[in-house]
Every structure is written in C-alpha cells, then in structure tokens.
Amino acid sequence: MSGKRSRDKGARAERDFAKRIGGRRVPLSGAMKGYKGDVIGLGMTWECKKRKGGFKTLYKWLGENDALAIQADRKEWLVVIPLYKFEELIDK
C-alpha cells in the first residue's frame with residue numbers, strides 16, 4: 001500500500017475508534033512534537049494500529065474468550081479485548 005493510502009487508512013481507523021469511544025483524534029497523530037498517541041478519550045491516550053492481515057495470532061489466542069492477557073519478559077502485562085466487550089465494561 002502506498003504512503004498516502006496507508007496514512008489515509010490509519011486516519012480512518014483512528015477517527016472510527018475515536019467516535020466509538022466518544023474521544024477525539026490527536027492532530028497529526030504522532031507526526032508532530034508535543035503530541036503523543038492517536039486518540040484521546042475516556043481519560044486515556046490510545047495508539048491505534050490497523051493491519052490488513054496482521055494480528056492473526058492475537059485473534060487466534062483470544063478465540064472465544066472475553067479477553068486475552070499477554071506479557072513479554074520484563075514488560076508490563078497487556079490486555080486485548082474486543083471493542084464490544086470494552087464498550088460493555090465502560091457502559092457506553
């Protein structure tokens with residue numbers, strides 16, 4: 001995917017996620033000093049990633065479960081949950 005198409009795809013994903021959580025997209029998300037993350041919402045700063053065929057292993061590990069907890073050695077735990085489940089948790 002070309003640079004502009006890839007950038008546009010990312011911007012669409014950021015806008016969609018921001019809308020779903022009632023947040024807002026960070027201007028120039030990550031491209032300008034002084035701004036971090038892609039979306040601000042729910043009192044948090046979010047980094048958004050979208051890949052055509054990416055994250056297959058995460059989806060496989062999640063399976064039919066509600067959430068997935070992952071941790072690399074000497075790193076913090078990360079939690080992966082479907083957005084619909086997250087929306088239930090925040091009662092949006």
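Axes here are lines fitted to C-alpha atoms, for helices over the stretch in contact, and the angles between N-to-C directions run from 0 to 180 degrees. With that in hand, welcome to a short tour of this predicted model, in which local features need pLDDT of at least 70, side-chain atom pairs count only at pLDDT 80 or more, and totals for chains, interfaces and linings use all residues. Residues are numbered from 1 along each chain as its sequence is written, and side-chain values use heavy atoms, with hydrogens and water left out.

**Overall layout**

- The chain has three helices and five strands; helices (H or I, at least four residues) and strands (E, at least two) are DSSP runs, numbered from the N terminus.
- Following the sequence, the pattern reads α-β-β-β-α-β-β-α.
- Along the principal axes, the C-alpha atoms of the chain fill a box of roughly 35 × 30 × 30 Å.
- Of the 92 residues in the chain, 23% are buried; buried means under 20% relative accessible area, exposed over 50%, and partly exposed in between (1.4 Å probe, protein chains only).
- Among contacts (heavy atoms within 4.5 Å) with a separation of 6 or more, 26% join residues 24 or more positions apart.

**Helix 1**

- Helix 1 covers residues 3–21.
- From first C-alpha to last, the 19 residues of helix 1 reach 27 Å, close to the 27 Å expected at 1.5 Å a residue; the expected span is 1.5 Å times one less than the number of residues.
- Its buried residues are K9, A11, A13, E14, F17, A18 and I21.
- These buried residues pack against strand 1 (24–25), strand 2 (39–41), strand 3 (44–46) and helix 3 (83–90).
- Just past the end of helix 1, G22 has a positive phi of about 75 degrees.
- E14 sits in helix 1 and counts as buried because its relative accessibility is 8%.

**The nonpolar core**

- A nonpolar core is a set of buried Ala, Val, Leu, Ile, Met, Phe, Trp, Tyr and Cys residues joined through side-chain atoms within 4.5 Å.
- The largest one here has seven residues: F17, A18, I21, V39, W46, C48 and F86.
- Helix 1 gives the most to this core, with three residues.
- As background, nonpolar side chains tend to be buried together in soluble globular proteins.
- W46 lies in strand 3 and is buried, with a relative accessible area of 18%.
- Not counting residues up to four places away in sequence, W46 touches F17, I21, G37, D38, V39, G41 and F86.
- W46 and K36 are 10 residues apart in sequence, and their C-alpha atoms are 8.7 Å apart in space.
- C48, with neighbours within four places in sequence left aside, is in contact with E14, F17, D38 and V39.

**Helix 1 against helix 3**

- Two packed helices are described by the angle between their axes and the distance between the axes.
- The axes of helix 1 and helix 3 come within 11 Å and cross at roughly 30 degrees.
- Helix 1 is therefore roughly parallel to helix 3; angles under 35 degrees count as roughly parallel, over 145 as roughly antiparallel, 65 to 115 as roughly perpendicular and the rest as oblique.
- F17, R20 and I21 of helix 1 make the contact with L83, F86 and E87 of helix 3.
- By type, the residues of this contact are four nonpolar, no polar and two charged, where Ala, Val, Leu, Ile, Met, Phe, Trp, Tyr, Cys and Pro count as nonpolar, Asp, Glu, Lys and Arg as charged, and the others, Gly among them, as polar.
- The buried residues of helix 3 are K85, F86 and E87, and what covers them includes helix 1 and strand 3.
- After helix 3 comes D91, with a positive phi near 55 degrees.

**Positive phi in two loops**

- F55, a residue other than glycine, has a positive phi near 65 degrees.
- F55 belongs to the loop between strand 3 and helix 2 (56–62) and is partly exposed, with a relative accessible area of 35%.
- R74 is not a glycine either, yet its phi is positive, at about 60 degrees.
- The loop between strand 4 (68–70) and strand 5 (78–80) holds R74, which is exposed, with a relative accessible area of 82%.
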